[in-house]
Amino acid sequence: MSEPLLSIHDFSVTYDVDPPVHAVKGVTLELARGEILGLAGESGCGKTTLAYGVQRLLKAPAVITNGSVMFHDASGEDVDINALGAEEMRRFRWDKISMVFQGAMNSLNPVAQIGSQLEDVFEVHRPEMTPRQRRSEVADLLELVRVGAQRARSFPHELSGGMRQRVMIAMALALRPQLMVMDEPTTALDVLVQREIIRQISQLRHEFGFSVIFITHDLPLLLEITDRIAIMREGEIVEVGRAEQIWTDPQDAYTRTLLSSFPRLTGERGVVVR
Amino acid sequence: MYNVRGSGQMKALDDVSFTLRSGRTIGLVGQSGSGKSTIAKILIQLETPTSGEVLLDGAPIPRRGKALRSYRQQLRMVFQDPFASLNPYHSIRYHIERPLRLGGLAANDQVDGEVRRLLERVRLVPDAVIDRRPHELSGGQRQRVAIARALASRPTLLVADEPVSMLDVSIRLGVLNLLADLQREEGLGVLYITHDLATARHFSDEIIVLNQGRIVEQGPADDVILDPQNPYTRELRAASPDPERHFASAAGNLGGAQ
Amino acid sequence: MTGVQPQLAELDTDALEVGTTATSADGGRARVPWRYLGRRAAFYLFTLWAAITINFFLRRMMKGDAVSQYLSRNRNVSPEAADALRTLLGLDSDKSLLEQYLDYWVLLAQGDLGISLLHGLRPVTEVVSGALPWTIGLVGVATIFSFAIGTVGGAVVGWRRGSRADALIPITTFLSTIPYFWLGLLAIAVFSVNLGWFPIGKAYGVGMRPGWNAEFIGQVLHHGALPIATIVVASLGGWMLGMRNMMLTVLDEDYITVAQAKGMPNQRVLWGYAARNAVLPQIQSFALSIGFIVGGSIVMEMVFSYPGIGKLLLDATNAKDYALMQGVFLVITISVLVANILADIVYAFLDPRTRQAGV
């Protein structure tokens, strides 16, 4: 395998409630530079908690109880994410790892124009840029995701779900991060819009070469778009493998259950007993 | 037999006609905004078509009185969100009792037995759920309760609007299989509204593809999905994940979506 | 019915936008929702009419009149003089109710609210407008202070939920449950009587001539400080609790997580994202509370013998000076309506979503 980008080692997250919930249990996972890794599992399996935990975005009562996350920067420097101070962490976020969230509807601040929300990113992370440079960068980004530069002055509610998710992708792309974590980015969207956005992500990835962790419960989709897939259940990764291997030769019983839960679009009938 | 025909001012629906027979399932597929939910709304009378009519057993929907009540008993709906369609303040028993009592479908001393029978019909253990409230049940159990409630008034038709899309993937098939069983055993006519071509194919006898309020393709499920004629249907099919075709055609072509 | 409702309206959105660039950019923002504005205007006009009409009939339904009250206090008035007084006050009742009603509107249109018996037969307009600035100035300043302190405090407390700052909430809530007159009297007892820091009442010192000079303004501030402080203390809790609760709701929104994932500094997330959204309902209640400035100051003005609208109303009621009462009621009604209109406008400005709510 090519050089690693992110190494997660023995990572555990516990929700400190009574009784404590062990949401992520000793996960070890390696992501290669330029790779698309799928993280599949049902709701409550800990996949989102893992993704948030890596960026240290978890809020109380969630506590990272164990493990390390190492980010291998393009500069050759290795960053131990758990060891970063609060200010270093803040600067690290979005610059190296950005995220696209599930709720395209709620990811944008409803009372601010989308242009200003995009500019925010530059204002904070690239303070040396002039307002003019920021605006032109935002316009470029909106063109890049085919939303259109003139939409910079629109408010989120004036855009459709698909458009909003494109804006979020533009935002995630703003600082040219090395990794994008996508949490159910297309789940709320129609199948045609979903496909269009997937296509766009793929294009951008070819152009800018970032890695992707793609989190979803939609295993058939992952099988088509990822290099490798990690199957998660009750906080543990039960199986990791190349997409083709997961499809043709699943090792874990749960993987097989998940695979058989999806009726095949063109395959054999008989999944629904009729 | 069941006819729908209608056209709307906003062109939510445009000259849509189809017939649903008892014991058969029609899958109504399309994107959001294609008009599929408008059809459901017309059937349960939340909307009135600007032109056209709905015929049940050859007769138009009655407007009021006893006949209307009987129409409503014959046509029941299962909604997408099992969290929102059950009242959190009431027990499961209450939810299923209500249509029984309102419709005068069971004598007072038989209500309890009938509620239990219905819960068993949807493969729930009556003693385990009957006195619980919706929030104490899992999503799949809740959807089963919603189905039991729909069955209480002994309907002949069931409109299921995305009945499994909010459920966890591993229990979706269970609920769909249950619906299929009930349909077969009770001879129900089912209108299955969904955006998911794969379940539509396996769950329906016939599929209707809606695009912008118009029927663009209609036919036996396998024909529509495996050999689509309309460009829109083909587009939908191409956009739907299909690992089988993917690995067959593009073996080794990994490294991202194409 | 989730999943069913939005579909009609969303017709022609997603599917068609795939892969295309937008064609109408700022379309949603330039549109003026005339129908919505028209409907609001009609609503307010109707309310105004109803309020004024009720105001008119209220007076007719009351027993006794100002002249009888006046006569009982001044025994040497002849019956003829009393009749003349009644005519002057428009209390001669040989006109039909409808005629009186129409006359009332005509006079109102001319800005004539009648004359006040209590205040030496001066026009009601003059009496009311003399008292109005005191109330608006004092209670207005107090309301603004209270709103500002409560909202900022509530934002910070909400942001640091679970920290020691949470203790502020029960404290301010406790203060706002103390009956206001008691709080006011307590403040006077401690700060005016015992410590002698502030004057006991009135808007300015006895014998002072109002004018725009430093001495007078200083007097006004000195006299106003204690009433303002007590109002702020009594009303702070509501603002703070409201803002804090709203903050807790907003902090759970996805866009807050996104802002944090974007690496925004905490201050920026707090003010630019969280508070910016949480403050919307606050602003609306603020605009509404402006309407109660005029009518809600009776107790304060009683306790501090402050020469504002509240005291005017109280005195007018005691003396059965109906013309004056009507005048005060009218002012209160109008100020509440104006505040409502203000709330509508402010909200439309702050929340882009309402701007296109033409429905």
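1. Let's start in chain A, where H3(A) and H5(A) cross in a right-handed sense. Please keep in mind throughout that this is a predicted model. Helix H3 of chain A covers residues 114-125 and helix H5 of chain A covers residues 161-173; their axes lie 9 Å apart, at an angle of about 20 degrees. Angles under 35 degrees count as roughly parallel, so H3(A) is roughly parallel to H5(A).

2. Which residues make this contact in chain A? From H3(A) come A:Ile114, A:Gln117, A:Leu118 and A:Val121, and they meet A:Val167, A:Ala170 and A:Met171 of H5(A). By class, the contact of H3(A) with H5(A) has six nonpolar residues, one polar and no charged.

3. On the H8(C) side, the contact is made by C:Leu168, C:Ile169, C:Thr172, C:Thr173, C:Leu175 and C:Ser176. Facing them in H10(C) are C:Val233, C:Ala234, C:Leu236, C:Gly237, C:Met240, C:Leu241 and C:Arg244. The contact of H8(C) with H10(C) divides into eight nonpolar, four polar and one charged residues.

4. If you are interested in pockets, have a look at chain B. The second largest pocket has a volume of about 660 Å³. It is lined by 22 residues, and those closest to its centre are B:Arg72, B:Arg76, B:Pro99, B:Leu102 and B:Arg149. The lining is made up of 10 nonpolar, seven polar and five charged residues.

5. Where does the lining of the second largest pocket come from? In chain B, helix H2 (65-74), strand E6 (75-78), helix H3 (92-102) and helix H6 (139-152) each supply at least two residues. H3(B) gives the most, with five residues.

6. Two backbone details deserve a glance. Most peptide bonds are trans, and most residues other than glycine have a negative phi. A:Asp18 and A:Pro19 are joined by a cis peptide bond, with omega about -5 degrees. A:Pro19 sits in the loop between strand E1 (4-15) and strand E2 (21-32) of chain A.

7. The other detail is in chain B: B:Arg123, a residue other than glycine, has a positive phi near 60 degrees. B:Arg123 belongs to the loop between helix H4 (111-121) and helix H5 (126-129) of chain B.

Key
Residues numbered from 1 in each chain as written. Chains lettered and ligands numbered in written order. Predicted model: local features only at pLDDT ≥ 70, side-chain atom pairs only at ≥ 80, totals over all residues. Heavy atoms only, no water. 1 Å grid on protein atoms, 1.4 Å probe; cavity = no way out; pocket = protein on both sides within 12 Å on 5 of 7 lines; lining within 4 Å. Points joined across faces, edges and corners; volume = space filled by probe spheres on them. Helix = DSSP H or I, 4+ residues; strand = E, 2+ residues; numbered from the N terminus. Nonpolar A, V, L, I, M, F, W, Y, C, P; charged D, E, K, R; others polar. Contact = heavy atoms within 4.5 Å. Axes fitted to C-alpha atoms, helices over the stretch in contact; angles between N-to-C directions. Parallel < 35°, antiparallel > 145°, perpendicular 65-115°, else oblique. Left-handed = near helix turned anticlockwise from the far one by under 90°.
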